[in-house]
Each structure stands twice: as structure tokens, then as C-alpha cells.
Amino acid sequence: MYKREFTPERIESLKPQEIFVFGSNLGGYHGGGAAAIALRKFGAIWGQGVGLQGQSYAIPTMQGGVETIKPYVDEFIAFATEHPELKFYVTRIGCGIAGFRDEEIAPLFAAALERPQVILPESFVQLLEQNK
């Protein structure tokens, strides 16, 4: 058993092999919230709304309901599984500008709960453990 780590509230810097996971829009217009931080600090690419870019990974959250986010979260978890050498700090994607609640988004990350290289927000982990 490992000591669970949580995504910090604010991420100012990353070590090599660490990735900032943020909510985006499909157009890759990283103008606000965590997306703007990803653009400014962690290599997000303007116009790329999905996937790895620099030391960041975009998960679209602005295109509809929770059901439209799930395939992108599943894709991210598969990517993280294929890259155990990387450590992923997942922000509270979808819970800012996109307007979703933690209770709606956290269940999408259930499969990531047992992946030690995927670090989730404490609120997501609490909800997931509560619903086991």
C-alpha cells in the first residue's frame, strides 16, 4: 500500500516527468482557469484541445454533459497506464469554468484511483472512496 498523494490546489512548477492535467475545450482555446496556467507554464498548445502537449494533458470538458467528457477521461487513463514513467497531477477538471460539480466528475476517474502515478484532487478521492 502506498501513501496517497493529492493534487495540490495550486501548481506553480513541475519536475521533469510530471504532467499537469487540465480541463480544456475542443478548440484548444486555453484562455482561462487551469487551461490558461497550462498554456503559460506547462507547454499547452493554443488550438490543441486534447491530449499531451508539453508538460500538460488536456481533457475537453466544455462540449456538453458529463457523458461527453467520459471518453476523454478514459483515453487519458489509458494513456497514463501506458506511461508509468510519468506522474500526472489531475486538476478539478470541469469544476471551474465548465460548471460541473465534483460529484459529477469524480466518478469518471474511478479507474485511476488505483494508479499510483495518477494524482487526483482530494475531493475526487473522498467521493470515490465514499462510493466504493
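This is a predicted model: local features need pLDDT of at least 70, side-chain atom pairs count only at pLDDT 80 or more; totals for chains, interfaces and linings use all residues.

Reply: Just after H1, Gly-43 adopts a positive phi of about 85 degrees.

H1 spans residues 33–41. Its buried residues are Ala-35, Ala-36 and Ala-38. These three lie on the same side of H1, because they cover an arc of only 160 degrees around the axis. The cover over the buried residues of H1 includes strands E1 and E3.

Gln-48 counts as partly exposed because its relative accessibility is 24%, and the buried class requires under 20%. Leaving aside residues up to four places away in sequence, Gln-48 touches Gly-27, Gly-28, His-30 and Gln-53. A polar atom of the Gln-48 side chain lies 3.2 Å from the backbone oxygen of Val-50. Between Gln-48 and Ala-58, ten residues apart along the chain, the C-alpha separation is 8.1 Å.

Strand E1 is largely enclosed by the rest of the structure, since seven of its seven residues are buried. In a regular strand, side chains alternate between the two faces of the sheet. Both faces of E1 are covered: Glu-18, Phe-20, Phe-22 and Ser-24 are buried on one side, and Ile-19, Val-21 and Gly-23 are buried on the other.

E1 has pairing partners in E3 and E4. With E3 the pairing is parallel and runs over five bridges, and Gly-23 stands opposite Ile-59 of E3. With E4 the strands also run parallel, joined by four bridges, and here Phe-20 stands opposite Tyr-89.

The nonpolar cores come next. The largest has 29 residues, and those with the most contacts inside it are Ile-59, Phe-76, Phe-88, Ile-105, Phe-109 and Leu-120. Two or more residues of this core come from each of strand E1 (18–24), strand E3 (56–60), helix H2 (66–82), strand E4 (87–90) and helix H4. H2 gives the largest share, seven residues. Apart from this core lies another, of eleven residues, which includes Phe-20, Phe-22, Ala-38 and Ala-58. Ala-38 is one of the buried residues of H1, while Phe-20 and Phe-22 belong to one side of E1.

Within the largest core, Ile-105 is one of the residues with the most contacts. Not counting residues up to four places away in sequence, Ile-105 touches Val-66, Ile-69, Ile-93, Cys-95, Phe-100 and Phe-124.

Pro-121 counts as buried because its relative accessibility is 5%. Setting aside residues up to four places away in sequence, the contacts of Pro-121 are Phe-6, Thr-7, Val-90, Thr-91 and Arg-92. The C-alpha atoms of Pro-121 and Pro-8 are 7.2 Å apart, although 113 residues separate these two along the chain.

To return to the helix: Ala-35, Ala-36 and Ala-38 are its buried residues, with E1 and E3 included in what covers them.

Definitions and conventions
Residues are numbered from 1 along each chain as its sequence is written. Side-chain values use heavy atoms; hydrogens and water are left out. Buried means under 20% relative accessible area, exposed over 50%, partly exposed in between (1.4 Å probe, protein chains only). Contact means heavy atoms within 4.5 Å. A nonpolar core is a set of buried Ala, Val, Leu, Ile, Met, Phe, Trp, Tyr and Cys residues joined through side-chain atoms within 4.5 Å. A polar contact is a pair of N or O atoms within 3.5 Å; within protein, one must be able to donate a hydrogen and the other to accept it, and residues adjacent in sequence count only if both atoms are side-chain atoms. The arc is that of the directions from the helix axis to the C-beta atoms. Two strands pair if DSSP finds at least two bridges between them.
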